[in-house]
Amino acid sequence: MSSATPLPTHLHENPFALAQTQLRRVGETFDVDPNLIEVLSQCKKTVEVSVPVQMDDGSVFAFQGYRVVHNMTRGPAKGGIRYHPAVTQDEVKALAMWMTWKCALMGLPFGGAKGGVICDPKRLSIGEKERLTRRYTSEIINEIGPEKDIPAPDVGTDAQVMAWIFDTYSMNVGHSVLGVVTGKPLSVGGSVGRDGATARGSLYCIRTAMQKQGSRLHDTRIAIQGFGNVGSNLARLLSEEGVRVIAVSDSRGGIHNPYGLDVPAAIAYKAEHGVLEGFPGADAITNEELIEIDCDVLTPCALEQVITAENAPRVRAKMICEGANGPTTPEADEILEDRGILVLPDVLANAGGVVVSYFEWVQGLQEYFWKEYEVHAKLNDIVVRAFEETWSTRERYSTSMRVAAYGLAVQRVAEATTIRGLYP
Ligand code: NAD
């Protein structure tokens, strides 16, 4: 599939073209050698695979999958695997590039990668999902490995999927390879704190940003789009901090209560019913209404390009924390900047997951596991340090948090590329 492929209906722009535009803008602002920008604007390797799966009714369906490595100059590539009907090769390439910047911004010894399979995981039985995962893993088995490319969960995949990848890889090489994948269940070498790590990183970013602005977390009203790993954990952590979570949503729509939702009850309701729709004690809202709702912090934690030039003028939040990857289009970014709305960009705001994935990889290689308080403390150190570096770069260059974060990251990758030299 090329950039000429029609865009999925929820996207306004080709995500890879958008990621390349962002990179060029950053290259100009930070005066990075155009030759390096040329190298970094492409993905190192793109693998497209066919994944034939026997379905429960006896038929065989050939799913299409991808694994893309954007860059591995600073270390093995790292990035999640997405199961979603709207996956495209260009989306996976954009997500892989963003992973390179995220790992560099956090100072992790990783490059960026991403994977995806075009499928609707909600319509697969457990058996179909397992067969799909094992066959996909077999198709990319020469691409992944603890020193090469280490997958993790993303939209539509979870710890169980990671356990199947770990098992398939390990069965093929003849011994357990804990470092091949992160986001695994605790019983097979997962790290404590990985499940809620992305949300916890977002919490640390929101809290630090509030301190910078002289406001306090517990006076805040927050709206969260998406109620999966990132969104529901963020709602839980924020409500535990006494924050008023006034709106949350899933793909079917949202629920709103200006006085604050009962988050544990909403999590239990979603677990029981599979949807938030019908949750008592709240009004129904659409996902579009949630973006424009009256709140202090808006946290998109679902899919890309939900804040656009069309709705950005009507956003009422004072701060946006990007739990999702790429939720804001560049045009929307400019509008939000002009309106003085602080945007905490994805590469900073949702990096908690890859930071604890790094901890899981280190623990797996050493076969020595840490306590939960150590994981949280080390996560806080890394995320807050990256926040402070981004904040001071933003002030020095009079630019947005996004351009500052990308600038720091791109400079780090560019420096590593220069010092290693161009092979041969
Ligand atoms: P998930 O599959 O666990 O949850 C996704 C949520 O989004 C679900 O609640 C789903 O109902 C909702 N959703 C789907 N389509 C929607 C739509 N059109 N409108 C509103 N909501 C919709 O996925 P996740 O792991 O929570 O990932 C969410 C985002 O966070 C993605 O952009 C992902 O790349 C990013 N992210 C995830 C992690 C991680 O550790 N899981 C790390 C970094 C970034």
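Predicted model: local features only at pLDDT ≥ 70, side-chain atom pairs only at ≥ 80, totals over all residues.
Local features need pLDDT of at least 70, side-chain atom pairs count only at pLDDT 80 or more, and totals for chains, interfaces and linings use all residues. Residues are numbered from 1 along each chain as its sequence is written, and side-chain values use heavy atoms, with hydrogens and water left out.

**The sheet**

Helices (H or I, at least four residues) and strands (E, at least two) are DSSP runs, numbered from the N terminus. Two strands pair if DSSP finds at least two bridges between them. Five strands form an open sheet with mixed pairing, in the order S1-S2-S4-S3-S5. Its edge strands are S1 (45–54) and S5 (149–153), and each pairs on one side only. Strands S3 (residues 77–84) and S4 (residues 111–118) run parallel and are joined by six bridges. Tyr83 stands opposite Val117 in S4.

**A buried glutamate**

Glu322 lies in the loop between strand S11 (319–321) and helix H10 (330–338). Is Glu322 buried or exposed? Buried means under 20% relative accessible area, exposed over 50%, and partly exposed in between (1.4 Å probe, protein chains only). Glu322 counts as buried because its relative accessibility is 0%.

**Salt bridges**

Side chains of opposite charge can pair when their charged atoms come close. A salt bridge is a side-chain nitrogen of Lys or Arg within 4 Å of a carboxyl oxygen of Asp or Glu. By this rule the count comes to 26 salt bridges. Three of them are listed here.

| Pair | N to O distance |
|---|---|
| Lys184 and Glu360 | 2.8 Å |
| Asp294 and Arg221 | 3.6 Å |
| Asp333 and Arg402 | 2.5 Å |

Both Lys184 and Glu360 are buried. Asp294 is partly exposed, at 39% relative accessible area. Asp333 counts as buried at 10% relative accessibility, and Arg402 is buried at 6%.

Some salt bridges link up. Arg82, Glu91, Lys114, Asp154 and Glu304 are linked in a network of them.
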